[in-house]
Amino acid sequence: MKLDKFDREILRVLQHDATVSMAELSQRVGLSHTPCWRRVKKMESEGIIRQKVTLLDHKKLNLGVSVFIYVTLKNHDGDSLNDFEKAVQSINEIVECHTTSGEKDYLLKVIVESIEEYEHLLKSKLTHLPLVDHLSSTFALKQVKNTTALPIKNQ
């Protein structure tokens, strides 16, 4: 789907407030209600707009420890990678999982209440993930930037 300036502006607005009414959205992007609504629906059907969610403050929920974990697997065949990726889906504390280039195979982001909780997660689940050869953990000391907004260009 080719995005024009109106589509891009709709996406910018929705990234910052998905609860904005269609009337306000159409006014902010300079379209009438029906064409704006059609554009939103088309971007939803095309998968550009995947879902609308509520963002939570992890610290206010006592989830103040963020851990980044590099994972190296013993095998790299398709079944091994699929088994690992499927197993990662079942661990709620893993909020992100990325395949990576270079010496490490995956990068995980884990959010937990405490270092003790992370240690328990590490011993009870992470070391038992399929075909894990090595885990290397790094604790975030301070979050400098965190956004879900994608950098949508004007053109």
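A salt bridge here means a side-chain nitrogen of Lys or Arg within 4 Å of a carboxyl oxygen of Asp or Glu. You're looking at a predicted model, where local features need pLDDT of at least 70 and side-chain atom pairs count only at pLDDT 80 or more, while totals for chains, interfaces and linings use all residues. Residues are numbered from 1 along each chain as its sequence is written, and side-chain values use heavy atoms, with hydrogens and water left out.

**Stop one: Arg39**

Select Arg39 and Asp4. They form a salt bridge, with the closest N and O atoms 2.8 Å apart. This pair links distant parts of the chain: Asp4 sits in the segment before helix H1 (5–16), Arg39 lies in helix H3 (residues 33–45), and 35 residues separate them. Helices in this tour are DSSP runs of H or I with at least four residues, numbered from the N terminus.

Is Asp7 buried or exposed? Asp7 is buried, with a relative accessible area of 3%. Asp4 is partly exposed at 30%. (Buried means under 20% relative accessible area, exposed over 50%, and partly exposed in between, using a 1.4 Å probe and protein chains only.)

**Stop two: along helix H3**

Next, pick Lys41 and Glu44. Their side chains meet in a salt bridge, 3.1 Å from N to O. The two are three residues apart in helix H3, so about one helical turn separates them. Lys41 counts as partly exposed at 38% relative accessibility, and Glu44 does too, at 26%. Back at the first stop, shared partners join Asp4, Asp7 and Arg39 into one network of salt bridges.

**Stop three: H2 against H3**

Show helix H2 (residues 22–29) together with H3. Their axes come within 9 Å and cross at roughly 100°. Axes are lines fitted to C-alpha atoms, for helices over the stretch in contact, with angles running from 0 to 180 degrees between N-to-C directions. H2 and H3 are therefore roughly perpendicular (65 to 115 degrees).

Which residues make the contact?

Technical notes. Parallel < 35°, antiparallel > 145°, perpendicular 65-115°, else oblique.
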